[in-house]
Amino acid sequence: MTNKEFDIIFNQKLHQHTASVPNGLWDKIALQDLSGPKNDFDEFIHQKLHHHTATVPVDFWERVKPVAEEKRRRFFFWLPKKYMAAASILLLLLAGTTAAYIFLNGNPVLMEDTETVQLPLPNSSNTKQLNQPIDSIFEKTEAPTIVENSTPKMGMPSDKKTTWKLDRKNMTQSFKQSGSVFPFEQSIQYKKPQTTAASTNNLKEEEITDPEEAIESYETSLKAGNALIKQKRNLSALFNREMTTKNHASSFKNVVICPTDRKIRNTDWDLEVFVSPDMPFKTVTNNTASPQLLSRKDSSESLKLGFSAGFRIVKPLNDHFVIKTGLQYSQINEHFTYRTENETRTTTVVTVRAIIRAPGDTLLVRDTSTLTQIGYKTNTVKNRFRSLDIPVLASYQFGNDDLSIGLTAGVIVNLSSWYQGVILDSSLTAVPLSKETNMVYKSNIGLGLYAGLTVSKRINYATQLFFEPYLRYNLSNMTNPEAAFNQRFSIGGLAMGLRFNLNKR
Amino acid sequence: MVLKISKYYLLAAFSLLLLVSCNKEISDGNFTTYAGNDMNDTTWSYSTTPGLALQRISDSASIYKYNDTLLGANGKTIVFSDHFSLILPPNAFVNGAGAPVSGTINIRVILLDEKSEFIRSIKASLNNGNLLESDLAFCIIATAYGQELSIAPGSNYIIRVGNKDNIVKQGMTVYKGDESIVYTTQLLVDPLFNWNENTTQDYQQSIFKQPGNSGSKEIERYEITTNKLRWISLARPLNNIGLQGKFNIILPPNFTNKNTIAFISTDDYNSVIQLKPELASRSFTANNIPLQKKIHIVTISLIGTQFYYSEQSIKALNNTPVLSLKPQKKSLIGIIADLKKL
């Protein structure tokens with residue numbers, strides 16, 4: 001159910017509802033010093049609505065919640081119920097306090113980047129009719145429908161207008177970022193008649209009850225994201241209102257503030273842990289090697305799936321731009337097949353011989369011996385090219401809080417590389433390759449370029465699952481200049497991992 | 001949340017450990033035997049022609065102890081040693097076509113004095129299966145222009161040969177070596193070789209005596225006047241050797257009649273017996289083995305370029321019908337050295 005639908009239903013149900021002001025209420029209010037901030041708003045609300053009960057349909061709260069916001073705030077419901085309850089209470093308290101603050105303090109400030117929807121005032125006949133709620137629904141654009149709630153006692157001059165400003169930034173920002181579920185900046189202004197001037201300190205009930213002399217100046221401006229709340233209004237508006245269930249709910253609906261200074265201090269930190277299957281691509285060029293060596297090398301070596309694993313610290317610079325660095329281990333696997341000649345295989349055999357000693361005298365002799373055969377072995381060795389690297393990456397992300405896509409690029413700084421396996425020497429003989437005997441490959445392969453496309457999906461409040469197909473292109477050869485050939489690897493992979501929010505923002 | 005992150009870390013670390021640890025360093029490799037390699041040939045040959053390996057054993061192990069030249073037109077008395085000399089008259093040699101050879105003639109002599117030398121030349125001391133005790137045996141080969149020569153008709157030459165004791169043993173007679181192969185300049189292995197007692201006038205045997213050193217006995221030599229070259233033995237039948245019987249040896253499948261020779265030598269007699277292949281049982285056997293005498297069993301194999309050798313000493317076979325030997329790799333020099341100990 002959208003706000004518009006909710007307000008329509010609400011208007012229809014409570015359109016004719018009136019409630020009398022308890023005796024002595026206005027006196028109590030008049031006795032209080034209303035010039036400064038008051039903290040007894042909640043008490044006031046409590047007194048008025050303490051005994052009020054209303055039946056709420058089972059699916060009421062589900063229907064009143066806007067679909068769009070529900071999606072944006074879905075992570076909230078991943079929390080345990082007790083946390084949800086505590087958060088709800090905290091939210092209510094915060095809303096109540098904020099409402100009081102709004103009512104009793106500050107001057108509204110209009111945001112610049114807003115769209116104004118002006119609602120035409122209802123007919124003057126209606127405005128002059130006492131004890132008649134004025135609930136009008138006007139809709140000029142596709143913007144959310146605004147329902148203005150007025151009390152029957154409230155004077156409604158013809159030139160008064162109610163202005164709702166749609167804060168588009170708030171609409172696109174997540175709840176987490178904006179701190180408010182309500183994307184509107186409200187500005188309700190009732191222009192005072194020139195003939196009447198009243199201050200908040202000398203309001204009298206007679207003046208308020210006279211619609212012609214009613215002086216209302218109601219201006220509320222909310223900038224939820226920066227907690228800038230300014231309001232400027234004449235308290236006579238408060239006095240002219242009947243505190244009905246309707247306008248009470250309206251107040252709660254329209255005023256939700258979650259102040260934050262996150263953008264100022266930017267304490268966001270994320271941690272990415274990932275693992276990636278890698279498919280290497282090899283480039284070999286001749287240096288001083290013989291054609292036979294290159295041919296044999298080519299036929300002997302076949303690249304296999306490798307992998308990378310590591311972690312990255314992510315620092316969001318703003319809503320779209322992040323930088324990353326960390327540590328990662330990569331391993332390229334290669335099958336090296338070669339033949340070793342003149343290999344012998346010895347097999348234990350049991351032979352049975354029938355020896356004829358004389359006609360009719362046959363002796364069976366069982367003998368255990370060994371059978372030695374000669375041949376060649378086709379050996380397959382796993383060559384491993386390992387490296388330890390530091391990625392220095394930058395990523396530009398776009399999307400929403402639930403699903404985002406980013407372009408990631410940067411450099412991979414090699415810390416160390418080492419190898420294991422066998423390699424062909426100049427005589428085409430396979431010789432072992434290790435850290436100690438390696439004369440062919442470098443121990444540091446320098447820099448590599450990295451480019452990837454990151455797709456991340458939120459899986460709970462502080463965790464995102466991400467997939468990052470990437471390509472790593474090494475800028476230099478992994479072989480020493482003295483080697484008979486030059487060899488370089490490029491890697492394509494699919495990094496899969498989790499991104500944890502470290503500060504639980 | 002920290003706990004959850006820790007779990008993720010542990011899971012990732014464990015997965016990484018699995019990825020790294022499950023890699024196998026080196027595969028065992030697929031073994032493929034060489035086709036046609038001698039080592040992989042475990043079949044036995046039904047051919048009477050000896051295998052190439054046996055010929056190589058003979059060529060490697062047997063040696064031409066003496067070697068000299070002469071002019072065929074002039075003749076020559078060749079004294080190879082105190083124990084062996086040849087008296088060759090002029091124009092004594094003809095070639096294969098029967099033409100006299102007056103030019104340079106090469107004379108080579110193989111002397112079989114010890115048991116080891118019989119084995120190295122793959123010659124047994126048997127006369128139609130009967131055991132012989134040999135004093136000496138030798139092979140004289142004359143070649144010219146790459147052809148083997150023979151003695152001209154009507155000519156004779158004299159051989160004077162003696163043993164280390166410088167005596168002529170009693171009962172030693174001439175046995176001629178009958179070969180089944182075509183004569184060539186190369187001494188070929190002949191599986192049908194046999195020592196046949198001389199019953200013709202081709203070999204005139206006598207005793208040549210010469211004064212010894214002062215105070216010592218006369219030196220006795222066997223003197224044979226003949227018109228035949230090639231194999232000649234001075235031997236006697238070995239009759240009083242006790243019970244004889246059939247005996248087999250079996251070897252691992254790699255050792256076949258293509259690459260292995262097997263001999264039994266008697267410790268007390270200068271006599272060696274070759275064990276011939278028995279195809280039915282894939283073994284080596286001989287029938288007239290002294291069962292009550294101390295013997296040595298030896299095998300020499302050549303597979304590829306590798307020699308194998310096995311030796312077993314038996315005090316008396318008695319009723320032992322079969323023995324299994326396991327040849328081991330050994331160098332030719334080592335084999336010859338071991339054979340000298342027989």
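Trainee: Which residues does B:Leu187 touch, not counting residues up to four places away in sequence?

Mentor: B:Ser58, B:Ser62 and B:Cys139. Contact here means C-beta atoms, placed from the backbone, within 7 Å. This is a predicted model: local features need pLDDT of at least 70 and side-chain atom pairs count only at pLDDT 80 or more, while totals for chains, interfaces and linings use all residues. Residues are numbered from 1 along each chain as its sequence is written, and chains are lettered from A and ligands numbered from 1 in the order in which they are written.

Trainee: Why is B:Leu187 called buried?

Mentor: Buried means 20 or more other C-beta atoms within 10 Å of the residue's own; 12 or fewer is exposed, and in between is partly exposed. B:Leu187 has 22 such neighbours, so it counts as buried.

Trainee: Where in chain B does B:Leu187 lie?

Mentor: In the loop between strand E12 (173-178) and strand E13 (194-197). Strands are DSSP runs of E, at least two residues; helices are runs of H or I, at least four; both are numbered from the N terminus. B:Asp59 is 128 residues away along the chain, yet the two C-alpha atoms are separated by 7.7 Å.

Trainee: What makes strands E11 and E15 of chain B a pair?

Mentor: Two strands pair if DSSP finds at least two bridges between them. E11 (residues 157-161) and E15 (residues 219-226) of chain B have 5 bridges and run antiparallel. One bridge joins B:Val161 to B:Tyr222 in E15(B).

Trainee: What is the strand order of the open sheet of 5 strands in chain B?

Mentor: E3-E4-E11-E15-E14, with antiparallel pairing.

Trainee: Why do E3 and E14 of chain B stand at the edges?

Mentor: Strand E3 (76-81) and strand E14 (203-210) each have a single partner strand, so one side of each lacks a neighbour in the sheet.

Trainee: What makes a set of residues a nonpolar core?

Mentor: Its members are buried Ala, Val, Leu, Ile, Met, Phe, Trp, Tyr and Cys residues, joined through C-beta atoms within 7 Å. The largest has 78 residues, and B:Phe138, B:Phe263 and B:Ile273 have the most contacts inside it. Strand E8 (residues 130-144) of chain B gives the most to this core, with 10 residues.

Trainee: Which domains of chain B does this core draw on?

Mentor: At least three residues come from each of domain 1 (54-237) and domain 2 (244-340). Those bounds come from an automatic or database domain assignment.

Technical notes:
Two residues are in contact if their C-beta atoms, placed from the backbone, lie within 7 Å.
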